[in-house]
Amino acid sequence: MNVSSAVRRAVQTAPQLAAAGGELRRTMLHACANALVPAGDEIVATAMAETGLAEARLRGELARTADQFRQYGDHAAKPWRRVSAGAALGGADVVTVPVPVGPVAVFAASNFPLAFGVSGTDTASALAAGCPVVVKAHPAQPRTGELLAVLLARALPEGAFALVAGGPEVSLELVRAPGIRAVGFTGSLQGGRALMDAAATRPDPIPVYAEMGSLNPVLVLPGAAGEATVAALAAAVTGSAGQLCTKPGLVLTGSAGFADQLAAAVAALPVHRMLTPGMAEAHQRWRATASAEHHVVAGEGEPAPFAVVVDAADLAGELLAEHFGPSLVIAVGEPGEVLGRLEGSLTASVFAGDGDRDTARALLPTLLATAGRIIWNGAPTGVAVCDAMHHGGPWPATSASWSTSVGTQAIERFRRPVALQGLPADLLP
């Protein structure tokens, strides 16, 4: 379907979807989950062929995707209103209710072809908010996108969901389409910024909720510089070939010995192929650049996992940039001197022992200013779909640090509060 037809259908359906009560939205989203699960074998096989991701990883992702639809549907069915007695307004009560923003453009991500793809969290949260969705398929996974779109379209009312495909010109056309009222995006900083610029130059600018680049720094304090931390971090760096938005990109430690152990562990772990040839080439270029300028410990295979070990005083430029793939920068020095120079990230992690509490307490304010989620003694690569989860962070991690793309609060991106003052009770939504 082309962009103009898809958006026109979404605009026509928007009033009907907005008027649907929470129970109907719950039924609709549960139907999406029920459509995906029986087709699991075909979905996983198709995604494996297009991405190279492991079967176990994709089956877990499919379970998360189905559960996401159910959770968001259940959340949409809960009453949402705030009431204040209007003593200061001549006795008129004020009732705040949520209103769907209208058709939402969603851009499928490549690294989570199910949970952040055509059937992903942006799609589910927009539908839960009462908004039709037009999804732009990721060009690296056309068959996976088409399969998911067919399954969802069968489960949803006509006009509530549409799939479009194409290159950058289609992406910009979708964002500029007059009927689109908001955008959900997961991908590169370059891609997200292009969509933001297009949305900002519309006659009627619209919000773009973009998740983009994230370094995800990790502090390893003296009391936790042991084998368990080495194993946890090495697995987090190389899992899914390092193609996770929450992959640790920078580890700060005061121990040169720990840095060497971690570098060797990263290099020793096996990885599978990367999602696209372009991503694999970028990983190779980063390894060549890093090897020419710094101490690099690399493993075998292609892509080869590797770690760059540097002095914390030398951290600058490419060493502080996100690099997709199984690579890691390990900086030896005083972490407090580095944290204040970092850009925003989705996560920041602290590995600490009981004797490190005072140090961690002193660093916490800087961590709060740096990241959207702080993890204590754990790798950042696990993200739970729950009410309290925040998957966002300061620029350039996201375009809107107060918003999340994971968890039930993701729904709030696509509905706006309206205060109703003094309305008779029988007129309240």
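Predicted model: local features only at pLDDT ≥ 70, side-chain atom pairs only at ≥ 80, totals over all residues.

Which element gives the most to the lining of the second largest pocket?

1. The element in question is β2, which gives four residues to the lining of the second largest pocket. The space in the second largest pocket comes to about 360 Å³. The elements that give two or more residues to its lining are α2 (22-36) and β2 (94-100). Its lining has 17 residues, and those nearest the centre are Arg25, Trp80, Val97, Pro98 and Pro429. By class, the lining of the second largest pocket divides into 11 nonpolar, two polar and four charged residues.

2. **The largest pocket.** The volume of the largest pocket is about 1,500 Å³. It is lined by 50 residues, and Gly187, Ser188, Leu189, Gln190 and Gly191 are the closest to its centre. Two or more lining residues come from each of α7 (168-176), β6, α8 and α11 (277-293). Of these, α11 gives the most, with seven residues. The classes in the lining of the largest pocket are 23 nonpolar, 20 polar and seven charged.

3. **Strand β6 and its burial.** Strand β6 covers residues 182-186, and five of the five are buried, so the strand is largely enclosed by the rest of the structure. Which residues point one way from β6, and which the other way? Ala182, Gly184 and Thr186 point one way, while Val183 and Phe185 point the other, and all are buried. As background, side chains in a regular strand alternate between the two faces of the sheet.

4. **The neighbours of β6.** Strand β3 (residues 104-107) runs parallel to β6, and four bridges join the two. In this pairing, Gly184 of β6 has Val106 opposite. Strand β7 (residues 208-211) also pairs with β6 in the parallel sense, over four bridges. Here Thr186 has Glu211 of β7 as its bridge partner.

5. How many aromatic pairs does the structure hold? There are three. One of them joins Phe107 and Phe185 edge-to-face, with 6.2 Å centre to centre and 70° between the planes. Phe107 belongs to strand β3 and Phe185 to strand β6, so this pair ties together parts that are 78 residues apart in sequence. Phe107 has a relative accessible area of 5% and is buried. Phe185 is likewise counted as buried, at 10% relative accessibility.

6. **The second largest cavity.** Phe185 turns up again here, in the lining of the second largest cavity, and so does Glu211. Other residues in that lining include Asp122, Tyr209, Ala210, His391, Thr398 and Arg413. The second largest cavity holds about 70 Å³ of space. Strand β7 supplies the largest share of its lining, three residues. By class, the lining of the second largest cavity has four nonpolar, five polar and three charged residues.

7. **The largest cavity.** The count of cavities of 30 Å³ or more comes to three. About 90 Å³ of space lies in the largest of them. Its lining has 13 residues, with Lys247, Gly249, Ala321, His323 and Ser327 nearest the centre. Which strand gives the most to this lining? Strand β12 (residues 327-332) does, with three residues. Seven nonpolar, four polar and two charged residues make up the lining of the largest cavity.

8. Ala39 sits in the loop between α2 and α3 (40-51). Is Ala39 buried or exposed? At 13% relative accessibility Ala39 counts as buried, because the cut-off is under 20%. Between the C-alpha atoms of Ala39 and Ala263 the separation is 41 Å, and these two residues are 224 residues apart along the chain.

Terms used
Residues numbered from 1 in each chain as written. Heavy atoms only, no water. Buried < 20%, exposed > 50% of the residue type's maximum accessible area, 1.4 Å probe, protein only. Pairing = 2+ DSSP bridges. 1 Å grid on protein atoms, 1.4 Å probe; cavity = no way out; pocket = protein on both sides within 12 Å on 5 of 7 lines; lining within 4 Å. Points joined across faces, edges and corners; volume = space filled by probe spheres on them. Nonpolar A, V, L, I, M, F, W, Y, C, P; charged D, E, K, R; others polar. Phe/Tyr/Trp six-rings, centres within 6.5 Å; stacked < 30°, edge-to-face > 60°.
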